[in-house]
Amino acid sequence: MNGCCLAIDIGGSKIALGLVTREGKIIQKKRFARPSRDAGQLAEHIAQNAKALLFNFTEIAPELIGITIPGLADPRRGYWVEASFSGIRDLPIADILSDSLRLPAYADNDGQACALAEKLYGACRDTEDFIYVTVSNGIGSALFLNGCLYGGSLGNAGELGHCVVVEDGRLCACGNRGCLEMHAAGPGIAANYAELGGRPALDGTPADAAEIAARALASDPPALAAYALEGELLGKALAFACNIINPGRVVIGGGVSLSFPLFAETLHQALFKRLYRSANPHLTILPSGHGGDGGLLGAAAAAFCLSEMRYYTFFT
């Protein structure tokens, strides 16, 4: 089997590693908690775990490495430009892991990479214009327009998570208040739930988004209200984006997308309340079908596309 990628998905609280084929099949994977926010320790820990994965699975050797990172990225250089929540700045993550693992490496923002995964392997194979939004510990997004990723003047387009949706809301690490990320990412859901009267977890710590979703499914009123608010905030931000960009589709990914049925109704209500409907008559919104594997598939998709100079406008 040819065309295998060592996929590395760096999240805010976890890291996933996997071997992914060119066709988007995951043939081996592992996950572990993110041990540190220190850039050097983080890269070393990833390399050690990747070597262990490859040592224990010798049936297929990868030909390249794909890396997804949260925050701003420069895929031309393979740099992790900025992660506002952790303080990482200008880290040549692709070169570091390439040197350690002795394979060519490519890195991109998780939103852009996951958008490529939707185009190559998922819900957007039949469309050339869509928005991908990942909702996890943070909120990222990507714009796929006219058959290519749209990066903007500096490659930082698609920062939906830093649209202000709550006036004078929570302070964000980007410096603004009321960003979507602060109110609708996983920690934001937890904060909303507590403010709505939700109870903590059994050990006394705040309930996380997954626990709140489980409580919502059990008809806990504050949990239901927290996910209703989730849909309202996402829908508000997406309406502005769709009115400007005019996509054919919006795909919601990331860990919170696993709870899509809990906030789909209020998301649609908030979005279509603000949408210019005559200009967007066929817009559809749906969750990603990749579940928790979207980041791994995105890392592989970005590596294959960057190595072949596909879908990235800075190559044209």
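**A sheet and the helices packed on it**

Helix H3 (residues 110-121) lies across E2, E4 and E8, running at about 105° to E8. Here helices (H or I, at least four residues) and strands (E, at least two) are DSSP runs, numbered from the N terminus. Contact means heavy atoms within 4.5 Å, and angles run from 0 to 180 degrees between N-to-C directions, with axes fitted as lines to C-alpha atoms, for helices over the stretch in contact. This is a predicted model, where local features need pLDDT of at least 70, side-chain atom pairs count only at pLDDT 80 or more, and totals for chains, interfaces and linings use all residues. Residues are numbered from 1 along each chain as its sequence is written, and side-chain values use heavy atoms, leaving out hydrogens and water.

What do the strands build? There are 5 of them in an open sheet, ordered E3-E2-E1-E4-E8, with mixed pairing (strands pair if DSSP finds at least two bridges between them). At the edges sit E3 (26-33) and E8 (105-109), each pairing on one side only. From one strand to the next, the twist averages 15°. Helix H2 (residues 93-101) packs on this sheet too, touching E1 (4-10), E4 (64-69) and E8, and its direction makes about 145° with that of E4.

Now for E2 (residues 14-21), which pairs with E3 in the antiparallel sense over 7 bridges; Ala 16 has Arg 31 in E3 as its bridge partner. E1 and E2 also run antiparallel, joined by 7 bridges, and Cys 5 stands opposite Val 20 in E2.
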